[in-house]
Amino acid sequence: MEIYEKGVIKGIFRSKYQRSLYNVDRLKAKPWWTLEESTYSSFFRKLESNWRTIKSEGLGAYRERSGYLDEAESLRDIGDWKQYELFARGKKYQQNCKKTPVTCQLIEEFSAARDCRRGQAKFSVMEGGTHVWPHCGPTNCRLRAHLGLIVPSGTTIRVAEHTRTWEEGKVIIFDDSFEHEVWHNGTEQRLILIVDVWHPELTAKERASLTAI
């Protein structure tokens with residue numbers, strides 16, 4: 001952490017844990033958020049109430065063995081981690097959404113997720129024995145929500161200094177511009193839905209003008 005602390009002193013990073021590069025400086029910064037703090041609780045509650053259908057769609061697409069691709073940013077040092085994109089940089093993946101219509105409709109109805117050009121919405125499948133090393137997202141302009149769909153034992157996520165796990169049918173929210181790390185030390189498959197949303201303190205004008213990442 002010493003090198004990151006030096007980066008903070010030089011003004012390169014916002015903190016030793018928050019090391020994103022594309023930022024709006026005035027935005028509230030904290031690793032973990034509650035649903036209420038996000039101001040999007042009604043949307044996240046709707047995801048939770050539909051979690052079994054979302055799970056079924058995610059598994060159905062996975063069983064077809066098409067659309068799920070290996071994680072492409074080389075963020076894992078061991079294991080198997082695949083993703084199925086639904087929305088990215090404000091654009092809808094039409095072919096994938098045809099196989100997951102309820103999930104995509106829920107996201108499409110909510111503009112802070114649908115139009116988040118600095119984020120994604122996707123299913124994430126991780127096999128046992130996978131480790132995702134510490135990394136930071138590129139921007140502080142979004143929050144990242146995880147909806148637990150299949151959560152075996154031995155799965156944990158650390159954001160900054162606090163480690164948590166998922167719960168089936170429940171949403172957890174964090175700011176992925178903070179350093180985070182994932183372990184799957186179990187043996188069964190883990191499945192979650194990832195949905196990025198605009199940071200709630202961004203104005204409508206800022207959301208419209210920010211470039212895609």
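1. The largest cavity in this predicted model has a volume of about 30 Å³. A cavity here is a set of points, on a 1 Å grid over the protein atoms alone, where a 1.4 Å probe fits but cannot get out. Volume is the space filled by probe spheres set on the points, with grid points joined across faces, edges and corners. A search of the whole structure turns up one cavity of 30 Å³ or more.

2. Which residues line the largest cavity? They are F87, A88, G90, A113, R114, C116, G119, Q120, A121 and D196, where a lining residue has an atom within 4 Å of a point. At least two of the lining residues come from each of β4 (81–88), α7 (111–114) and β6 (120–126). Helices (H or I, at least four residues) and strands (E, at least two) are DSSP runs, numbered from the N terminus. By class, this lining has five nonpolar, three polar and two charged residues. Ala, Val, Leu, Ile, Met, Phe, Trp, Tyr, Cys and Pro count as nonpolar, Asp, Glu, Lys and Arg as charged, and the others, Gly among them, as polar.

3. Now for the largest pocket, which holds about 660 Å³ of space. A pocket is an open set of points with protein on both sides within 12 Å along at least five of seven lines. Its lining has 34 residues, and E73, L75, Q83, Q120 and K122 lie nearest the centre. Strand β6 gives the most to this lining, with four residues. The pocket lining comprises 14 nonpolar, ten polar and ten charged residues.

4. Turning to the sheet, five strands form an open one in the order β3-β7-β12-β9-β10, with antiparallel pairing; two strands pair if DSSP finds at least two bridges between them. At the edges are β3 (76–78) and β10 (162–164), each pairing on one side only. From one strand to the next, the twist averages 20°. Within the sheet, β9 (residues 155–159) and β12 (residues 180–184) pair over five bridges, and T156 stands opposite W183 in β12.

5. Finally, a helix pair: α4 (residues 51–63) and α6 (residues 101–108) pack at about 125°, with axes 8 Å apart. Axes are lines fitted to C-alpha atoms, for helices over the stretch in contact, and angles run from 0 to 180 degrees between N-to-C directions. That angle makes α4 oblique to α6; under 35 degrees counts as roughly parallel, over 145 as roughly antiparallel, 65 to 115 as roughly perpendicular and the rest as oblique. T53, I54 and E57 of α4 make the contact with P101, V102, T103 and L106 of α6, contact meaning heavy atoms within 4.5 Å.

6. A word on conventions. Residues are numbered from 1 along each chain as its sequence is written, and side-chain values use heavy atoms, leaving out hydrogens and water. Local features need pLDDT of at least 70 and side-chain atom pairs count only at pLDDT 80 or more, while totals for chains, interfaces and linings use all residues.
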